[in-house]
Amino acid sequence: MKEKNHDKLRDALNKLPAYDAPGSAWDAINDGLSPTLADQLPTYQPAAGVWNAISRQIEQAELAALQQTGAKQRSLPWRKLAGVAAAIALLLTIGIGLNGVDRPAKVTVAYHQEVAPAMTIHDWNTEEVSFTNALAVIEARNEPKLNALGEELVELNEAKEEIKAILVAYGEDASVIRQLAEIERDRSDIYRQIIEL
Amino acid sequence: MRVFLSIPFLLFAFSPLLDAQTSNALREVVTKTIEDTYTYRPGNELAVEGEKAEIFVETWDKQKIHVKVVMTASHPKLEQAETDLQNLHYIAEEAGQKIFLKNKLKDKTLRSQSELTVHYYITLPEECPVYLKSHFGGATISNLRNQLRINGEFSAINIDNVQGILDIRSRFGDITGERIDGNVVINSRRSDINLYDIGGTFNINAQYGELRISPNLSMRNLHINTDKSDVYIYEPLGGEGLAYDLSLNNGEVKLPVGRRVIELERTTEVRRFAIRPSKERMGTITASIAFGDLYLAKQTKELKSGITRF
């Protein structure tokens with residue numbers, strides 16, 4: 001609320017008479033303030049064990065704090081070491097794994113020249129009619145000894161066909177032609193035995 | 001003086017040179033090499049199926065199987081050699097514990113103008129079981145210690161310093177073995193067999209072949225059963241502890257002097273003999289031979305020609 005006649009009010013207040021308090025009043029107040037309320041309360045000394053226990057707790061707390069701090073300070077290298085170890089282990093695992101995992105085959109192509117072998121004369125089919133006729137005779141006569149020789153001849157004929165097939169499929173190889181020559185000699189031997197009977 | 005040389009004269013005069021040039025003609029060789037390595041673990045088995053391939057198997061102390069396959073095509077024209085080589089296919093597969101290697105022709109009906117060859121060079125741990133199937137070509141195996149199986153046709157088989165269980169089948173392919181010890185079974189047809197310094201237990205069945213067997217003192221049981229084959233057995237030095245049971249059907253026999261031979265049977269076709277050990281029995285050799293001859297001699301003796309008919 002705003003005072004509208006502030007000056008008049010001030011003047012009126014200034015005109016009022018002033019009175020001092022009697023001296024005893026101040027003494028009585030002073031006496032009432034001393035002793036203070038805290039001074040008036042009874043005091044008790046705690047047992048020595050209480051402080052010792054508090055002291056130990058404080059020391060342990062400080063020690064724990066120190067250890068924790070130390071652990072924190074050392075934990076960083078350990079973590080680093082653990083990290084490094086983990087990385088090494090991982091690399092080793094990958095290395096061993098890669099070692100165990102078979103790598104793709106290595107393929108190379110090379111070129112060179114060599115002296116061509118002499119041409120081979122294909123003369124191994126010139127006598128086939130004789131062998132065919134021999135088998136026909138064996139079939140017609142149907143005798144045990146001849147039949148046994150015929151079986152041998154058939155086996156050798158089949159072997160010869162296998163060798164000829166390889167010569168066609170893989171080209172002419174001297175070692176295969178030698179095998180063919182050996183079969184031809186065996187066939188000739190059988191043929192001679194057949195015509196003797 | 002002017003000399004007139006006609007063309008026929010020139011051709012005649014230089015024909016030897018032309019022939020020489022022809023015989024020294026060069027051809028192009030294209031070589032494709034494939035190298036692969038597999039980690040060996042106990043239980044693994046290597047199987048190789050080669051066609052027109054030379055297979056070489058060797059051992060090492062690494063726990064790995066190394067494979068080198070060399071395929072070549074040879075032809076006077078480089079393009080033709082390359083084309084024919086492309087038809088040659090190499091396959092490598094792993095199925096469970098087994099590793100399969102194989103070569104074949106992509107188009108079997110294609111007539112190869114080039115000469116094609118395949119070589120396998122395999123190095124593996126000695127304990128790795130090996131199975132080889134060879135159709136033409138050959139197989140050479142050494143230093144294995146576990147299990148070896150071979151099925152060969154038209155393929156020469158060479159075995160050196162192998163122990164363990166062996167099962168060898170061959171048709172039209174000679175078998176040569178040296179330093180073999182173990183349990184061995186051989187079945188062959190139209191194949192010659194030459195075994196030297198062998199011991200253990202052998203069971204050999206052969207038709208149409210020539211067998212030359214030289215056992216050592218560790219031979220415990222050698223059983224030979226042949227048909228239309230000649231058999232040569234060379235007794236080791238100090239082998240007087242070996243006992244023999246020999247049977248021939250339509251065959252002739254030559255036995256060593258100095259051993260007491262007991263004749264057990266004699267007919268026009270069948271002959272049976274026994275030779276008892278002259279000291280503690282160390283092994284038994286049994287041979288049953290039909291339509292073939294038997295020669296028995298000491299290893300240090302050179303076998304003399306001539307057959308004694310009892």
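Is the crossing in which H6(A) passes H7(A) left-handed or right-handed? It's left-handed, where left-handed means that the near helix is turned anticlockwise from the far one by less than a right angle, and right-handed means clockwise.

Before going further, a word on what you're looking at: this is a predicted model, in which local features need pLDDT of at least 70, side-chain atom pairs count only at pLDDT 80 or more, and totals for chains, interfaces and linings use all residues. Residues are numbered from 1 along each chain as its sequence is written, chains are lettered from A and ligands numbered from 1 in the order in which they are written, and side-chain values use heavy atoms, with hydrogens and water left out.

Back to the pair. Helix H6 of chain A covers residues 144-170 and helix H7 of chain A covers residues 174-196; they pack at an angle of about 160°, with axes 10 Å apart. H6(A) and H7(A) are therefore roughly antiparallel to each other (the label applies to angles over 145 degrees). The contact (heavy atoms within 4.5 Å) involves residues including Leu149(A), Leu153(A), Leu156(A) and Ile163(A) on H6(A), and on H7(A) residues including Ile177(A), Leu180(A), Ile183(A) and Ile190(A). Sorted by class, this contact has 14 nonpolar, three polar and five charged residues.

Now zoom out to the rest of chain A. Along the sequence, the pattern reads α-α-α-α-β-α-α-α. Of the 197 residues in chain A, 16% count as buried, meaning under 20% relative accessible area with a 1.4 Å probe, protein chains only. Among contacts in chain A with a separation of 6 or more, 67% come from residues 24 or more positions apart.

What does Glu155(A) touch, leaving aside residues up to four places away in sequence? The answer is Phe172(B), Arg189(B) and Arg190(B). Glu155(A) counts as buried because its relative accessibility is 11%.

Phe136(B), in strand E7 (residues 130-142), has a phi near 65°, a positive value in a residue other than glycine. Phe136(B) counts as buried, at 0% relative accessibility. Phe154(B), in strand E8 (residues 147-171), also has a positive phi, near 55°. Phe154(B) is buried too, with a relative accessible area of 2%.

Terms used: Axes are lines fitted to C-alpha atoms, for helices over the stretch in contact, and angles run from 0 to 180 degrees between N-to-C directions. Helices (H or I, at least four residues) and strands (E, at least two) are DSSP runs, numbered from the N terminus. Angles under 35 degrees count as roughly parallel, over 145 as roughly antiparallel, 65 to 115 as roughly perpendicular and the rest as oblique. Ala, Val, Leu, Ile, Met, Phe, Trp, Tyr, Cys and Pro count as nonpolar, Asp, Glu, Lys and Arg as charged, and the others, Gly among them, as polar. Buried means under 20% relative accessible area, exposed over 50%, partly exposed in between (1.4 Å probe, protein chains only).
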